[in-house]
Amino acid sequence: MRSKSAVIAAARGPAFRLRAAALLFFAAQLALPARPLHAAKIYPSAGSTSAAFLKIGVGARAVAMGGAYTALPGDPYALYWNPAGLADADGRRFSFTHNDYFSGLAQEYAVYTLPSSGVVLLPKGPARSGTTGFSINYFYTGKDLERRSSGEESLNTIATPEGKFGAHDLAFTMGFGFRRSDAVRAGAAVKFISQTIDDRSGASAALDLGGLYDFTWRGRAFTAGLAVQNLGPSLKFNERGYPLPLTGRAGLSTRLDGGTVLALDLSKAIDNYPFLAAGAEHPLGEKLLLRCGYRLRQHGNESGGLSGFSGGIGF
């Protein structure tokens, strides 16, 4: 008599083993360090924009799902990802994110939402039927960068430190989202941006626009989203202007039977290749949520295949 495991293996057959082997092969390729022949390609104008901190995602749920958040409404963090999503963020809510980045860099992001009916800054009409949000995005390093005079340096000597300085980036944002119909939501946000390095600083302003559309396909409900971020004039340092990181986003989301959420995003910033992001959220019981995502850049992720993975747990 064959064992239970042998019967299962025989039932699965060669086709199953072939698919399993293929999955293991591709997983192993992702785990291997990038080889020079397949190294990620650098975008020609990479690093040419100002206010790069505006591209760092916020919100534990959104980041855990790989940033596939353009078509997921109802969260205060919609103010960052797609302001149209604020239309479903009911009531007064406050959210906060702390991000220990790397090499002493850190980020603080706070957002507060409230019903638009009490915001006198908005024009009368449909805009006041939705939700308004206010946020602050602060990206900084400690005052521990060494200041040196380049005129003293040569091939054989390094200039003597003359002191230390810090740097920080700041963005204040106000936005709103509202329903234009049962299926359509729209939103907009304006942000004021500043960057400071030692005693030099620059400032600019930008506009975000977004939309969401609910539809049914083959009996299943979907939400599609579009957003444009950081539309605005260049930020100037020492009389030289640096463009803002203008970004376009498109997304799709759905909720399966049992509560599992699936989301897909495509984004393109003006100083990088397009990114494709996929995310999922699955309920474990009544109070626990398991989240995961993967973010893939055209021509390869700069830090290797494994850098695209993300995950988290929600309560």
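## Terms and basis

Two strands pair if DSSP finds at least two bridges between them. Helices (H or I, at least four residues) and strands (E, at least two) are DSSP runs, numbered from the N terminus.

The model is predicted: local features need pLDDT of at least 70, side-chain atom pairs count only at pLDDT 80 or more, and totals for chains, interfaces and linings use all residues. Residues are numbered from 1 along each chain as its sequence is written, and side-chain values use heavy atoms, with hydrogens and water left out.

Strand β12 (residues 275-284) pairs with strand β13 (residues 288-297) in the antiparallel sense, over 10 bridges. His-282 has Leu-290 in β13 as its bridge partner. The hairpin of β12 and β13 has 3 residues between the strands, and Gly-285 in this hairpin takes a positive phi near 80°.

Strand β11 (residues 261-269) also runs antiparallel to β12, joined by 7 bridges. A hairpin of 5 residues connects β11 to β12. Leu-264 stands opposite Ala-278 in β12.

Most residues other than glycine have a negative phi. Ala-51 has a positive phi of about 50° although it is not a glycine; Ala-51 lies in the loop between α1 (4-31) and α2 (60-64). Asn-238, also not a glycine, has a positive phi of about 55° and lies in the loop between β8 (235-237) and β9 (240-242).

Buried means under 20% relative accessible area, exposed over 50%, and partly exposed in between (1.4 Å probe, protein chains only). Ala-51 counts as buried because its relative accessibility is 1%, whereas Asn-238 is at 56% and so counts as exposed.

## Largest cavity

A cavity is a set of points, on a 1 Å grid over the protein atoms alone, where a 1.4 Å probe fits but cannot get out; lining residues have an atom within 4 Å of a point. Grid points are joined across faces, edges and corners, and a volume is the space filled by probe spheres set on the points.

The count comes to 1 cavity of 30 Å³ or more. The largest cavity holds about 80 Å³ of space. Its lining includes Leu-54, Tyr-109, Lys-191 and Asp-208. The elements that give two or more residues to this lining are α3 (78-81), β3 and β4 (164-179).

## Salt bridges

A salt bridge is a side-chain nitrogen of Lys or Arg within 4 Å of a carboxyl oxygen of Asp or Glu. The structure holds 10 of them. One joins the side chains of Lys-55 and Asp-271 (2.9 Å, N to O). This pair links distant parts of the chain, 216 residues apart: Lys-55 is in the loop between α1 and α2, and Asp-271 is in the loop between β11 and β12. Lys-55 is partly exposed, with a relative accessible area of 34%, while Asp-271 counts as buried at 4% relative accessibility.

Another salt bridge is formed by the side chains of Asp-265 and Arg-249 (3.1 Å, N to O). Asp-265 lies in strand β11 and Arg-249 in strand β10 (residues 247-255), 16 residues apart. Both Asp-265 and Arg-249 are buried. Elsewhere, salt bridges that share partners join Asp-88, Arg-179, Arg-185 and Asp-214 into one network.

Key:
1 Å grid on protein atoms, 1.4 Å probe; cavity = no way out; pocket = protein on both sides within 12 Å on 5 of 7 lines; lining within 4 Å.
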